[in-house]
Amino acid sequence: MASKQTVHLLLSFVSVCFLAISLQVLFFSPISPDILELPPASSAFPPNNKLQGVIKLGEGFLDGPEDIAVDKECSVIYTATRDSWLKRLHKNGSWETWKRLEGHTLLGITTSEESGVLVVCDTEKGLLKVGEDGVSVLTSQVNGYQINFADDVIEASDGCLYFSVASTKFGLHNWYLDFLEAKPHGQLLKYDPSTKQTSILLDDLGFANGVALSEDQDYLVICETWKFRCLKYWLRGEKEGETEIFVENLPGGPDNINLAPDGSFWIALLQVTTEGFEFIHASKVIKKFIATFPKLIHIVSNGVNKKATIVNVAADGKITKHFDDSEGKVIRFVTTAIEFEDHLYLGSLNTNFIGKFPLKAA
Ligand SMILES: [Ca+2]
Ligand SMILES: [Ca+2]
């Protein structure tokens with residue numbers, strides 16, 4: 001009798017737990033997901049592990065240098081780190097802890113035509129201008145709404161700043177929920193310093209990330225991370241204001257993008273799925289369930305820490321080169337690649353250094 005009672009109690013307990021979890025997922029899941037289409041397996045490249053040959057710059061001194069910028073004279077390299085420092089490397093090899101900002105919210109940066117000025121994306125404050133004489137907020141609102149999750153920025157020769165908002169729904173610290181939800185909440189914004197106005201150029205982007213201008217500045221390329229593609233947005237000419245696909249089916253989610261000296265683009269690709277867990281992106285119910293439990297989110301989002309991939313895409317949208325560290329042995333979670341003086345400089349959210357990669361030997 002006692003054992004029958006125990007079984008009954010156990011069954012009731014399990015049922016209550018099941019009901020509680022179901023209600024939790026049904027009513028408290030932070031996402032309302034769509035199915036996410038992953039790039040075809042055929043788009044992947046055979047690994048070459050060339051990035052395992054990077055030279056480490058500033059090792060131990062840089063906490064997750066997500067983006068890198070170089071001044072116009074190619075004499076100073078800037079980066080923004082997780083502990084809110086803007087640090088810079090001088091030509092003589094010395095590092096300087098240049099400016100400390102508040103919060104832990106710095107992402108994309110770009111140098112300005114104005115000498116000694118850096119424009120910085122702060123995921124809580126908006127767009128910042130940082131110079132020797134201090135820090136000012138250039139813009140923090142668009143159409144009456146606070147700009148959250150500014151991700152990357154580029155300055156055109158007329159002084160206008162083009163920048164991305166990764167997600168208007170989710171913030172930096174739960175960025176993976178935007179991937180799980182797979183609904184487009186990203187934007188491309190423009191800040192005009194002559195009018196001090198900020199406007200929305202593109203809406204409904206799938207995690208708007210890196211932005212770069214073409215060599216002639218007649219179009220802009222913007223990365224949509226979980227759409228595994230980059231768009232071309234025409235700034236001048238017959239197609240002004242129009243959008244077309246620049247490159248699609250990338251073998252990873254594009255993060256930051258930088259114009260190369262030959263007019264092509266370097267794009268860092270993120271491994272946005274964890275190996276073996278790709279199936280979850282095909283099920284709304286599973287995604288809702290995972291999004292409810294932070295530990296599960298960590299497991300399925302951890303693919304970004306497993307490898308590093310960068311590609312070179314020519315101005316015609318063709319992938320011409322690919323370098324990786326497929327085992328994440330030396331560098332992983334590479335978020336940016338910028339070329340100057342025959343080297344690529346690689347930033348990452350998972351390293352304490354900048355990777356310097358010689359292109360001539362590659
Ligand atoms: Ca940048
Ligand atoms: Ca980025």
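**Figure 1. Strands β3 and β4 pair in the antiparallel sense.** Strands (E, at least two residues) and helices (H or I, at least four residues) are DSSP runs, numbered from the N terminus. Two strands are said to pair if DSSP finds at least two bridges between them. A80 has L86 of β4 as its bridge partner. The two strands form a hairpin with 4 residues between them. In the turn, S84 has a positive phi of about 70 degrees.**Figure 2. Strand β4 also pairs with strand β5.** β4 and β5 (residues 95-100) run antiparallel and are joined by 5 bridges. L89 stands opposite W95 in β5. A hairpin is formed here as well, with 4 residues between the strands. Within this hairpin, G93 takes a positive phi near 90 degrees. In a regular strand, side chains alternate between the two faces of the sheet.

Figure 2. C74 counts as exposed because it has 10 C-beta neighbours inside 10 Å. With 9 C-beta neighbours inside 10 Å, E341 counts as exposed.

**Figure 3. Four strands form an open antiparallel sheet.** The order of the 4 strands is β16-β17-β18-β19. The edge strands, β16 (208-213) and β19 (243-247), each pair on one side only. Neighbouring strands of this sheet are turned by 30 degrees against each other on average, direction ignored. For such angles, axes are lines fitted to C-alpha atoms, for helices over the stretch in contact, and angles run from 0 to 180 degrees between N-to-C directions. Strand β18 (residues 229-234) runs antiparallel to β19, and 4 bridges join the two. L231 has I245 of β19 as its bridge partner.

**Figure 4. Residues 155-237 carry a UniProt domain annotation.** The unreviewed UniProt entry lists this span as "domain: Strictosidine synthase conserved region". UniProt positions are given in the numbering used here, feature names are shortened, and annotations may be inferred rather than shown by experiment. In the model, the span is 8% helix and 48% strand.

**Figure 5. The protein contains 4 helices and 26 strands.** Its radius of gyration is 22 Å, close to the 21 Å that the globule rule gives for 362 residues, so the protein is as compact as a globular protein of that length. The radius is taken over C-alpha atoms, and the rule is 2.2 Å times the number of residues to the power 0.38. Along its principal axes, the C-alpha trace spans about 85 × 50 × 40 Å. Buried residues make up 42% of the 362 residues.

**Notes to the figures.** Residues are numbered from 1 along each chain as its sequence is written, and chains are lettered from A and ligands numbered from 1 in the order in which they are written. In this predicted model, local features need pLDDT of at least 70 and side-chain atom pairs count only at pLDDT 80 or more, whereas totals for chains, interfaces and linings use all residues.

Note on methods:
Buried ≥ 20, exposed ≤ 12 C-beta atoms within 10 Å, placed from the backbone.
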